[in-house]
Amino acid sequence: MIREIQAIFKNDPAARGMEFILYPGLHAILMHKYIAYPLYKIGLKFLARFISQFSRFLTGIEIHPGAKIGSGLFIDHGMGIVIGGTAEIGDDCILFHGVTLGGTGNHQGKRHPTVGNNVLIGARATVLGPVHVGNNVKIGAEAVVIDHDIPDNCTVVGAPGKIVRLKGKKVKISLKKTKLV
């Protein structure tokens, strides 16, 4: 819980004093990590889903109780966020409103994204399928990533998502290959 509170002050310049207790992203994360996820892990799946739906009702943020979430997640203006059941989110990530980490319906088993550490996903971005998003990745607002892994240290924009920066350098996008510029 401490890392999540620290993430609020680190990532939101408007956060002051005790205001952190008013953040719906914090409420959703705490209900998930300390109630829904533990219930899910011990097999009380209906009760876990009930808690996650109650949390959704209160916060507008839907986190499936089976999702694995690391420390220091910051959800900014979280209304409309959806995190699927087999999704995994690393440490120190930022999600803005309307982000979907969902499935395509075409996969069995692992159906949702795995997001690395220090990843920023912009407003209304969509990441679908069992894709791996590397560490230190930025996914721009309204980008769409479907069934394609994203390597470490990239910036992705557009629909469909295209890598425009790789390890801090601009890249030229072509359908056949990606070149460093």
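Helices (H or I, at least four residues) and strands (E, at least two) are DSSP runs, numbered from the N terminus.

The model is predicted: local features need pLDDT of at least 70, side-chain atom pairs count only at pLDDT 80 or more, and totals for chains, interfaces and linings use all residues. Residues are numbered from 1 along each chain as its sequence is written, and side-chain values use heavy atoms, with hydrogens and water left out.

In α3, the residues A48, I51, S52, S55 and T59 are buried (under 20% relative accessible area; exposed is over 50% and partly exposed in between, with a 1.4 Å probe and protein chains only). These residues cover an arc of only 95 degrees around the axis, and therefore lie on the same side of α3; the arc is that of the directions from the helix axis to the C-beta atoms. On the other side of α3, F46, F50 and F57 are exposed. The cover over the buried residues of α3 includes α2 (24-41) and β1 (62-63), where contact means heavy atoms within 4.5 Å. G60 follows α3 and has a positive phi, near 80 degrees.

Strand β1 belongs to an open sheet of 5 strands, ordered β1-β4-β7-β10-β13 with parallel pairing. Because β1 and β13 (144-146) stand at the edges with a single partner strand each, one side of each is left without a neighbour in the sheet. Strands pair if DSSP finds at least two bridges between them; β1 and β4 (residues 82-83) pair in the parallel sense over 2 bridges. The bridge partner of E62 in β4 is V82.
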